[in-house]
Amino acid sequence: MSPTTPIPTSLNELIAPYKGQWVALSYDEKRLLGYGTTLGDALEMAKKTDPNELPLIIDVPDEGSNFVLL
């Protein structure tokens, strides 16, 4: 997702392209800070994107799976 990408209207829209990967989101769940096949990859990208943000981490399920974010 590039800086010019419109902000998705929901969390599902934001994480949909990253099925089967880890994502790091801003605390307000409106910005994707990082993603990767491992938790470490997502955290590393998030730290480079915004070193001052404490990201929320989600393991996005593969197609056909559901998850609940509490």
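Reader: Is Tyr 35 buried, exposed or partly exposed?

Author: Good place to start! In this predicted model, Tyr 35 is partly exposed, with a relative accessible area of 31%. Tyr 18, by contrast, is buried, at 7%.

Reader: How many aromatic pairs are there?

Author: The general idea comes before the count. A pair of aromatic rings is described by the distance of the centres and the angle of the planes. Here the count comes to 1 aromatic pair. The rings belong to Tyr 18 and Tyr 35: their centres are 4.7 Å apart and their planes stand at 40°, so the pair is tilted. An angle under 30 degrees would count as stacked and one over 60 as edge-to-face.

Reader: Which parts does the pair tie together?

Author: Tyr 18 sits in the loop between helix 1 (11-15) and strand 1 (22-25), while Tyr 35 belongs to strand 2 (residues 32-36), so the pair links parts that are 17 residues apart in sequence.

Reader: In what order do the strands form the sheet?

Author: The sheet is open, its 3 strands follow the order 2-1-3, and the pairing is antiparallel. Strand 2 and strand 3 are at the edges with a single partner strand each, so one side of each has no neighbour in the sheet. On average, neighbouring strands are turned by 20° against each other, direction ignored.

Reader: Which helix packs on the sheet?

Author: That is helix 2 (residues 39-49), which touches strand 1, strand 2 and strand 3. The direction of helix 2 makes about 150° with that of strand 2.

Reader: How many bridges join strand 1 to strand 2?

Author: There are 4, and the two strands run antiparallel. As one example to find, Ala 24 has Gly 34 in strand 2 as its bridge partner.

Conventions. Residues are numbered from 1 along each chain as its sequence is written. This is a predicted model: local features need pLDDT of at least 70, side-chain atom pairs count only at pLDDT 80 or more; totals for chains, interfaces and linings use all residues. Side-chain values use heavy atoms; hydrogens and water are left out. Rings of Phe, Tyr and Trp (its six-membered ring) pair if their centres lie within 6.5 Å; planes under 30 degrees apart count as stacked, over 60 as edge-to-face and the rest as tilted. Buried means under 20% relative accessible area, exposed over 50%, partly exposed in between (1.4 Å probe, protein chains only). Two strands pair if DSSP finds at least two bridges between them. Axes are lines fitted to C-alpha atoms, for helices over the stretch in contact, and angles run from 0 to 180 degrees between N-to-C directions. Contact means heavy atoms within 4.5 Å.
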